[in-house]
Amino acid sequence: MNKNLKILLIISGGIAAYKSLELIRILKKNNIKVQVILTKGGEKFVTALSVASLSEEKVYQDLFSLKDESEMGHIRLSRENDLILVAPASANIMAHTAAGIAYDLATTVLLASNKPIYFAPSMNVEMWNNPITQKNIKTLKENNYNFIGPESGSLACGEHGNGRMSEPEKILKYIMETNKKKINLNILVTAGPTYEAIDPVRYLGNKSSGKQGIEIAKAFQNLGANVSLVLGPSKENVPSNINTINIQSAKDMFEAIKKIKNIDIAVCAAAVSDWKIDSPSKNKIKKSDTDKPKINLSLNPDILYYLSTNKKNRPKLVIGFAAETEDLIKNAQEKLNKKNCDWILANDVSKNPEIFGGDNNSISLITKSNIEEWNTITKKEVAEKLASKVIESIEKN
Ligand code: C5P
């Protein structure tokens, strides 16, 4: 456990702010340094004096405090802490963050932060269920913000449902778990489809969305690893703190990967086109009633095979994916041997065509000695499970 963690706690306006005092107390008890920003709304529920007494630190309230801002306080506050925790997080502060609006010290710090951010929401059930709030939360999650709670139960307003801020103990536990130790590994993740040009406007592609690979990159990034994501054309959002190399074709992907040095773990989740067009036309191929265009294909480089058989710099673990429509296990085992990789995550795309672009996945994890089934779970869960399995295996060997 990281005993010297430094947290910037933002207390926004909500009745649960009274729990934040207890939260400061238990964070301090666990040797965590806590600096606090109290928003105008937060001030209505707890006083700066009680926050300062418990945190034993100055409390920050004003964006335009001359003294603090002469030291660029909003940047400094984020940089000198390991993470930002917003508890309670009102619908309002999350809406502003999701929209990138900085109007006070708290929202300015959140926008200028380069550190992990955790929200512990607290609000009325209807505010929580409001599609606008849910849309904001989706945006925040897509951008790698973390959420603790809310819990369901009776609310301060007398209503019942989702919206209670998680208890301080639970918040502490979550923060400790996710900040255990930073892993010192270079991770390569390939994701998305590749597009092989036929002419300047047409291409040979596939249905991969890139979602699973992006989630894997996020999971390793959240563990503090050094991630390089080589991503084919994808419409999915990638958090800006992930080092992403955008490519189009398999050849581009191959060239990008060859430039990445010292890869410890390679996860090849991309659906790389097996074929490329021999000589793509420089100009758009004109339609003709008499001539059908002929397309000659040649094999693309196999990136997974290249990484697995790279004698000089083979990563410690090379992990591939296998999307199969028949004989899942047999084909995946054959692929494991043929490509000389260590693990294969196999999915049967005939049973569940929604795997392409969907949020869920069913995986058989195949190693040289074992098969493990991960039945329908979210792509985020697959990613987190894979990341912790990788770490476990590296620590064992
Ligand atoms: O041979 P197949 O395409 O089914 O293998 C799938 C696995 O190989 C995936 O992990 C994919 O990312 C990887 N692959 C690759 N380069 C290719 C083709 C596939 O890395 N040219």
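Me: Is Asn-340 buried, partly exposed or exposed?
Reply: In this predicted model, Asn-340 sits in the loop between helix 14 (328–339) and strand 18 (343–348). Its relative accessible area is 33%. Buried means under 20% and exposed means over 50%, with partly exposed in between. Asn-340 is therefore partly exposed.

Me: What is the phi of Asn-340?
Reply: Asn-340 is not a glycine. Even so, its phi is positive, at about 60°.

Me: Is Glu-56 buried or exposed?
Reply: Glu-56 lies in the loop between helix 3 (48–55) and strand 3 (59–60). Glu-56 is not a glycine, yet it has a positive phi of about 55°. Its relative accessible area is 59%, and the cut-off for exposed is over 50%. Glu-56 is therefore exposed.

Me: Which residue does a cis peptide bond join to Gly-149?
Reply: The omega of this bond is about 5°.

Me: Where is Pro-88 placed?
Reply: The peptide bond leading from Ala-87 to Pro-88 is cis, and its omega is near 0°. Pro-88 itself belongs to strand 4 (residues 83–89).

Me: Which residue in strand 2 is the bridge partner of Leu-9?
Reply: Strand 1 (residues 6–11) and strand 2 run parallel and are joined by six bridges. Strand 2 (residues 33–38) is mostly covered, with five of its six residues buried. The partner of Leu-9 in strand 2 is Val-36.

Me: Is Ile-295 buried, partly exposed or exposed?
Reply: Ile-295 is in the loop between strand 15 (275–277) and strand 16 (297–299). On the surface, Ile-295 forms a nonpolar patch with Leu-204, Trp-275, Leu-297 and Leu-299, and together they have about 470 Å² of accessible area. The relative accessibility of Ile-295 is 42%, so it counts as partly exposed.

Me: How far is a polar side-chain atom of Lys-335 from an oxygen atom of the ligand?
Reply: Lys-335 is one of the residues surrounding the ligand, a group including Cys-268, Asp-274, Phe-321 and Lys-339. The distance between the side-chain atom of Lys-335 and the ligand oxygen is 2.4 Å.

Note on methods. Residues are numbered from 1 along each chain as its sequence is written. This is a predicted model: local features need pLDDT of at least 70, side-chain atom pairs count only at pLDDT 80 or more; totals for chains, interfaces and linings use all residues. Side-chain values use heavy atoms; hydrogens and water are left out. Patches are made of residues with over 30% relative accessible area and no salt bridge: like charges are joined within 9 Å, nonpolar side chains (Val, Leu, Ile, Met, Phe, Trp, Tyr) within 5 Å. Accessible areas come from the Shrake-Rupley method with a 1.4 Å probe; for residues, only the protein chains shown count as cover. A salt bridge is a side-chain nitrogen of Lys or Arg within 4 Å of a carboxyl oxygen of Asp or Glu. Helices (H or I, at least four residues) and strands (E, at least two) are DSSP runs, numbered from the N terminus. Buried means under 20% relative accessible area, exposed over 50%, partly exposed in between (1.4 Å probe, protein chains only). A residue is near a molecule or strand if one of its heavy atoms lies within 4 Å of it. A polar contact is a pair of N or O atoms within 3.5 Å; within protein, one must be able to donate a hydrogen and the other to accept it, and residues adjacent in sequence count only if both atoms are side-chain atoms. Two strands pair if DSSP finds at least two bridges between them.
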